[in-house]
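Okay, thanks for coming, everyone.

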Amino acid sequence: MCGIVGYIGKRDVAPLLLEGLQRLEYRGYDSAGIVVTSPKTAGLKMVKAKGRVRDLEAKVPARFKGTTGIAHTRWATHGAPSDINAHPHMSADSKVAVVHNGIIDNASELRRKLEADGVEFLSETDTEVLTHLIARSQAETLEEKVRQALRIIEGTYGIAVMHADFTDRIVVARNGSPVVLGIGEKEMFVASDIAALVTHTRQIVTLDDGEMATLKADDFRTYTTEGTRTTAEPTTVEWEAASYDMGGHDTYMHKEIHEQADAVDRVLRGRIDDRFSTVRLGGLNLDAREARRIRRVKILGCGTSYHAGMIGAQMIEELARIPADAEPASEFRYRDAVVDPDTLYVAVSQSGETYDVLAAVQELKRKGARVLGVVNVVGSAIAREADGGIYVHAGPEVCVVSTKCFTNTTVAFALLALHLGRTRDLSVRDGKRIIEGLRRLPGQISEIMKQEEEVKKLAEQFTEARSMLFIGRVRGYPVAREASLKLKEVSYIHAEAYPASELKHGPLALIEPALPTVAIVPDDDLLEKNRAALEEIKARSGRILAVAHQEQEKADQTIVVPKNEDELDPILMGIPLQLLAYHTALALGRDIDKPRNLAKSVTVE
């Protein structure tokens, strides 16, 4: 959830680290810090600051030189944001510096033991425990010092460690929180996200859980936390540094909303099979005979990915006629669920590192289940753990609030539903119909973008709202869920989503002029049912914004969305509501790319 970046080589390290932190600021942004050294420098030099990376940069002195360093941008878990609680954390003798993503579960117990031995703690963080454990180790090598400390702690971590007595190296380790090595020419990088690396190298090595690495300027080696050497072959990442630029937009969220037509074209490219009215998904590692044996599909995700899974489950039921449902991975992993050998499990995560989803995947694999991954980041932990899957090819998504990745994930589920349907009883005609609908999506998304000025004017009318209600029925309900989440994430306006059919079972009591309702009204077999819900709201003086395929008489305003096939309509209907959330937040002066209290990749519970 936080951001780590490190470097060892011959270049002046501070500017490199600060640039890397700026690219990782979406992963954590309440405080930041940096430590540097070099073979010619005595000891470690550190600067930390509460606030954004720019606040840290302002504090770094001009003569802050070194050729080795680690840095961190924090999202608080233990201790409020402050200079003291910011990473890196340094030992009392100023010899050991540690940056850490994750949570040490037994930190309180270890802290008490260390304090009983006379150790004085400066911060409230769990990470400082790890720093003192490494510093107190009597092992002769830095690698063994780190290894001994990791044997004692319980929890998740992605760490980078420097030591004043071993200035020729950085030692890193991973358990549940991503660590990526960047391989350069007589220089090495480490980061928690490839975003910090692509400016300098596209050759990367991703550590697995339980794996460590030693980085030197001209070499690296990987090994387990038990000391056994591992073989790590670098791979080439497909994303380039330009993918992380704003491209003339004021915010990443605005840029990423507008990239959706091209992103959807990418997820479709090369996958449509017109000859058999189906799609090619070789990465599933699932042949037709195995696909026909599937009796149920269970989709697991968190937040936006869970909502994409809800849409996916409906498409799988409609097109493949296989019972399917979606569930928050954070709930599934704790409820001792029955794992059925005839069930296909699908794990959904933009980053491919979401801790609750990854933990659910690992538990399912332990119980012998078949698990597919639907992820955006190639080579991520969930992609490696799963038996197969689909990459959604949305490209880098920097804004904390997910937009284009959500849309591409729903399209990926449409491909999966079509694939499963055509291996079963979906007709050639229906397969062709869905393919034609998929091909229309990029153009229809571009049509929706032309309505931005209209949506902006609508958004300005909702800035005074203290709460909003989003409703939809069947296909429209997950769209309402996701639109509600978008609004509260980025604008901080309270929003709640309800099935339109449930209005009379409680929420109708809330309807009044001060509570606007956003209604998802697709032109399908439930159109009249949805219109009846609008009648109920209007009869109680409620204000209605409809998202529909035609003007709705009972709505105060309607955003008209292009019609696609019924099964694919949910993919389009949420897009104008991304714009609504964006422009509402903009009018309220919110920090759109970095909403308070949130971070992009949730790698802690």
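How many bridges join strand S18 to strand S19? The count is 5, and the two strands, residues 296-301 and residues 324-328, run parallel. One of the pairs to look at is glycine 301, whose bridge partner in S19 is proline 328. To get from S18 to S19 the chain goes through helix H9, residues 304-320, and that β-α-β crossover is right-handed. Before I go on, keep in mind that this is a predicted model.

Next up, helix H7, residues 260-268. Its buried residues are Gln260, Ala261, Ala263, Val264, Val267 and Leu268. They sit on the same side of H7, because the arc they cover around the axis is only 165°. So what covers them? The cover includes helices H6 (252-258), H13 (404-422), H14 (428-449) and H19 (575-587), along with strands S16 (272-273) and S22 (388-391). And just after H7 there's glycine 270, with a positive phi of about 80°.

Okay, salt bridges. The count comes to 46, and I've picked out a few. Let's start with arginine 111 and glutamate 115, where the closest N and O atoms are 3.7 Å apart. These two are 4 residues apart in helix H3, residues 107-116, so about one helical turn separates them. Glutamate 115 is partly exposed, at a relative accessible area of 40%.

For anyone who wants the background: an α-helix has 3.6 residues a turn, so residues three or four places apart point the same way.

Now, which parts of the chain does the salt bridge between arginine 174 and glutamate 353 tie together? The N to O distance here is 3.1 Å. Arginine 174 is in strand S8 (residues 170-175), while glutamate 353 is in the loop between strand S20 (343-349) and helix H11 (355-366), so the bridge ties together parts that are 179 residues apart in sequence. Buried or exposed, this arginine 174? Buried, with a relative accessible area of 0%. Glutamate 353 is buried as well, at 7%. There's also a network: Glu143, Asp168, Arg169, Lys216 and Arg221 are joined into one by salt bridges that share partners.

Two more residues and I'm done. Histidine 132 lies in helix H4, residues 127-136, and it's buried, with a relative accessible area of 5%. Not counting residues up to four places away in sequence, histidine 132 touches Ser91, Ala92, Leu114, Val119, Glu120 and Phe121.

Then there's leucine 284, in the loop between strand S17 (278-279) and helix H8 (288-292). Leucine 284 is buried, at a relative accessible area of 1%. What is leucine 284 in contact with, leaving aside neighbours within four places in sequence? Leu372, Asp387, Gly388, Gly389, Ile390, Leu416 and His419. Take Leu416 from that list: leucine 284 and leucine 416 are 132 residues apart in sequence, yet 9.2 Å apart in space, C-alpha to C-alpha.

That's my tour, so over to you.

Conventions
Residues are numbered from 1 along each chain as its sequence is written. This is a predicted model: local features need pLDDT of at least 70, side-chain atom pairs count only at pLDDT 80 or more; totals for chains, interfaces and linings use all residues. Side-chain values use heavy atoms; hydrogens and water are left out. Buried means under 20% relative accessible area, exposed over 50%, partly exposed in between (1.4 Å probe, protein chains only). The arc is that of the directions from the helix axis to the C-beta atoms. Contact means heavy atoms within 4.5 Å. Two strands pair if DSSP finds at least two bridges between them. A crossover is right-handed if, with the strands pointing away from the viewer, the path from the first strand over the helix to the second runs clockwise. A salt bridge is a side-chain nitrogen of Lys or Arg within 4 Å of a carboxyl oxygen of Asp or Glu.
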